[in-house]
Amino acid sequence: MNNHNKHTDIIQFVNKSHNTSCFSMASASIIWFLGCILILSLNLTPFVAAVPIVPGYYIFGDSLADSGNNNNLMTLAKANFHPYGIDYPGGPTGRFTNGRTYVDFIAEFLGFDHHMPPFSTANGDQILQGVNYASAGAGIRPETGKICGERFHIMAQLDHHRTTVSRIKQLKGNNDQATQEHLSKCIYTVGIGSNDYMNNYLVVPANPKDVVFTPDKWAEDLIGRYNTFLRGLYDLGARKIVLWGLGPIGCEPSQVKALRMAGKPGCVDMVNHIVSLYNNRFAPLVDELNKLPDAKFIFVNNTHISPGNNPASIGVKVGDRPCCTTVAVPGTCIRGMPPCPNRDEYSFFDSYHPTEKAVLPGAKRAFQAQEPQDVYPMDISRLAQL
């Protein structure tokens, strides 16, 4: 069988078992940068009492990081209603989980006494300490997520950051040097790409001849566009930039359910294989970007640190079903329907997004690596200190 036919067979299989979603899933368990050297146990308080170790924190991404940027958009991709936020101090805010997201934890572990505000509401001096630009349904390609409705794709998020940089410059008395000095010390995290698979590439036409890209070519296209975005972010003053690859999205509840219905329990290995072609390009991308003057890009190997289909490894009991009652499409919680009472025993809150409990253990490995394969070439704790 030639490679083209092999890729076509893979895509056809995935298309048959894939439930279309408006939301992104960077990992089946999503391991994120939530660790902190000051945290000695899993009994976390809402905030860490500490002085920030960086002056600001700027966030780019999708529904795994969105904190409310989609609330006023014409889109299905929003979560500003119960039961979302049932464990979050402010209740429903637009976060696609029961409590805090990985970027909320990052802010805490970096020493901030607040979570980064969404761009849609950020104003005044608060933008000096960070802004969240993430938008549910967003992807690297501009058409990704259009089945959901309005969203801010990654280049739109870069435009929003350009506006923020202009405002920061005003706050710095229009002093270019002071503005650059501030921006160069901040941490930037970018998590994007899942929607480019789940809500774009894997939603393929029935006719195989209409498949323009092989999985490898698709990954190459995404990385090329991602490279353009990252260089644009660098040009706006960013120097400490954290990238993370996609986890085993073939292990998320919607995918596992589809495979189980086909009589084959477990993860959808074909989806995970396709995604690995994207992940394998990150280390070379980081090497190339770090040739830029003063650039400090790092990559987190999300697949390596993810527990995948072994939820017991992160201390939860249920990894193949969502905590809340979901609608078939797009797989989000039914508005107002009470979720499971034992949320700490679930990996996923809805069909695509992890619970607050699930994001913590692996995130520690991203902040403070346990193995060389966890991150490249360093972890967040070291990056923040540079």
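Good morning. I begin with helix 6, residues 215–235: at 1.5 Å a residue, its 21 residues should span 30 Å, and its end C-alpha atoms are 30 Å apart, which agrees. The expected span is 1.5 Å times one less than the number of residues. Helices (H or I, at least four residues) and strands (E, at least two) are DSSP runs, numbered from the N terminus. Just after helix 6, G237 takes a positive phi of about 110°.

This is a predicted model, in which local features need pLDDT of at least 70 and side-chain atom pairs count only at pLDDT 80 or more, while totals for chains, interfaces and linings use all residues. Residues are numbered from 1 along each chain as its sequence is written, and side-chain values use heavy atoms, with hydrogens and water left out.

Strand 4 (residues 240–244) and strand 5 (residues 296–300) are parallel, paired over 5 bridges, and F297 in strand 5 is the bridge partner of I241.

Finally, the cores. A nonpolar core is a set of buried (under 20% relative accessible area, 1.4 Å probe, protein chains only) Ala, Val, Leu, Ile, Met, Phe, Trp, Tyr and Cys residues joined through side-chain atoms within 4.5 Å. The largest has 52 residues, and those with the most contacts inside it include L230 and L243. Helix 6 gives the most to this core, with 9 residues.

Note on methods. Two strands pair if DSSP finds at least two bridges between them. Buried means under 20% relative accessible area, exposed over 50%, partly exposed in between (1.4 Å probe, protein chains only).
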